[in-house]
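Q: I am new to this structure and would like to learn how to read its sheet and its cores. Could you take me through them step by step?

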Amino acid sequence: MPGAEQGSTLELVLDRSPFYAESGGQVGDTGTIRTSGGTLLEVLDTKPGLEGFHVHTVRVAEGEVRTGEQAEASVDGARREAVARSHSATHVLHAMLRRTLGDHARQHGSLVDAGRLRFDFAHFSAIDRTQLAVIETLVNDSLLADPEVRVWHASRAEAEAAGATALFGEKYGDHVRIVDIGDFSRELCGGTHIGHGSNAGPVRIIGEASIGSNLRRIEALTGRDALDYYDTERRLLEELSALLGARPQDAPDALRKRLDSLASAERELGRLREAELRNRAQQLTTSARTVNGGRIVTEKVTGLGPDELRTLAHHIAGLLDAGHAAVILGTEHNGKALLAAAVTHSLHDTGIDASRILIPAARTVGGGAGGKGPVASAGGRRVEALDEALAIAAQDAIRILGQ
């Protein structure tokens, strides 16, 4: 019978298996399978199959696999232990959430993986940072107390009478497996667990969010992954402290002062820039021409971005607001041709939007005009056509003023 060749990925069923199949939120085991013919298979995942069999997703690493061969299966022990730490930590988190938030905070789903967990539960509002810190401390204090993790079996009725928590959406038989952690957690569970709470290592909550109406989700790291996260946070704090020239414990205050100073400087810069734009507007107003009973300003300016160009046009129009007037400005900015137009309120009250002045000019520079009301803007990549676009806009403004 032909077999699967090296590099192939396939699903494999053994007559019996030491691998844990994905269930109850816990991921399936990984590891290796070596056949009697010398073929090496990498087990990428394990899921439950029909009639109690496990389905192993495998990749042929060496040789060629054939049906009917004897095989030796080896679970990745380090990964399974990391998953077990996360599973026990999930039970403790569940217990501490109910202790802190109330009995309504029951599990509505989970993901238990190596070094991390995701826990969904019922709750009607977001959990703030202070409350999350309290929950995280309770979880870690409970684990550090090194409670025994005990597994026992009973009938469903006996388990319920003993106060065991059944998980939302799970199906249970008449006889169930119960996992106790200390005297504060008792749940129906078929997953893998550590022997004592202290083996779980630290738990670090890294996120909390809504996933639906009255449903929340907490994500956390466990064991070595939690320690790595703490180490990353420590290194970031040290780097930030060095940049600020402050001790780590003083870094928040030092950063706050720097940000306050920066905000103050930005406000002052904005005030000076606004004053500069108003002075510039005053100067450009002197170049206004009288045409068709109104006035027009057309200028190519430098050193302005799109927002400042619009602001300058608006200021000029404000200074010309004694009658009908139009302002057209153009500039080059970051490799683009920018245009801005503004009309006085008296002209706008006749039904003229500033964008009407820019539509043909915008096409000339390869773009379009935007904005409703007395101020509009346009831009395009054809910088070389900016002078032509200004001339076109000026002619359109003159025509509009003569209407």
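A: Let us begin with a single pair of residues in this predicted model: leucine 329 has alanine 340 as its bridge partner in S16.

Q: In what order do the strands of the open sheet lie, and which are the edge strands?

A: The six strands of this open sheet follow the order S13-S14-S15-S16-S18-S17, and their pairing is mixed. Strand S13 (289-291) and strand S17 (368-370) are the edge strands, each pairing on one side only. From one strand to the next, the twist averages 20°.

Q: Which strands does H8 lie across?

A: H8 lies across S15, S16, S17 and S18, and it runs at about 155° to S16.

Q: Which residues have the most contacts inside the largest nonpolar core?

A: As a general idea, nonpolar side chains in soluble globular proteins tend to be buried together. Here the largest nonpolar core has 28 residues, and those with the most contacts inside it are Ile296, Ile328, Leu339, Ile357 and Leu358. Among the elements that each supply at least two residues of this core are strand S15 (325-333), strand S16 (336-343) and helix H8 (355-364), while the largest share, nine residues, comes from H9.

Q: What is leucine 358 in contact with, beyond its neighbours within four places in sequence?

A: Its contacts include Ile328, Leu339, Ala376 and Ala393. There is also a second, separate core of 27 residues, which includes Leu117, Ile135, Val179 and Ala220.

Note on methods. Residues are numbered from 1 along each chain as its sequence is written. This is a predicted model: local features need pLDDT of at least 70, side-chain atom pairs count only at pLDDT 80 or more; totals for chains, interfaces and linings use all residues. Side-chain values use heavy atoms; hydrogens and water are left out. A nonpolar core is a set of buried Ala, Val, Leu, Ile, Met, Phe, Trp, Tyr and Cys residues joined through side-chain atoms within 4.5 Å. Buried means under 20% relative accessible area, exposed over 50%, partly exposed in between (1.4 Å probe, protein chains only). Helices (H or I, at least four residues) and strands (E, at least two) are DSSP runs, numbered from the N terminus. Contact means heavy atoms within 4.5 Å. Two strands pair if DSSP finds at least two bridges between them. Axes are lines fitted to C-alpha atoms, for helices over the stretch in contact, and angles run from 0 to 180 degrees between N-to-C directions.
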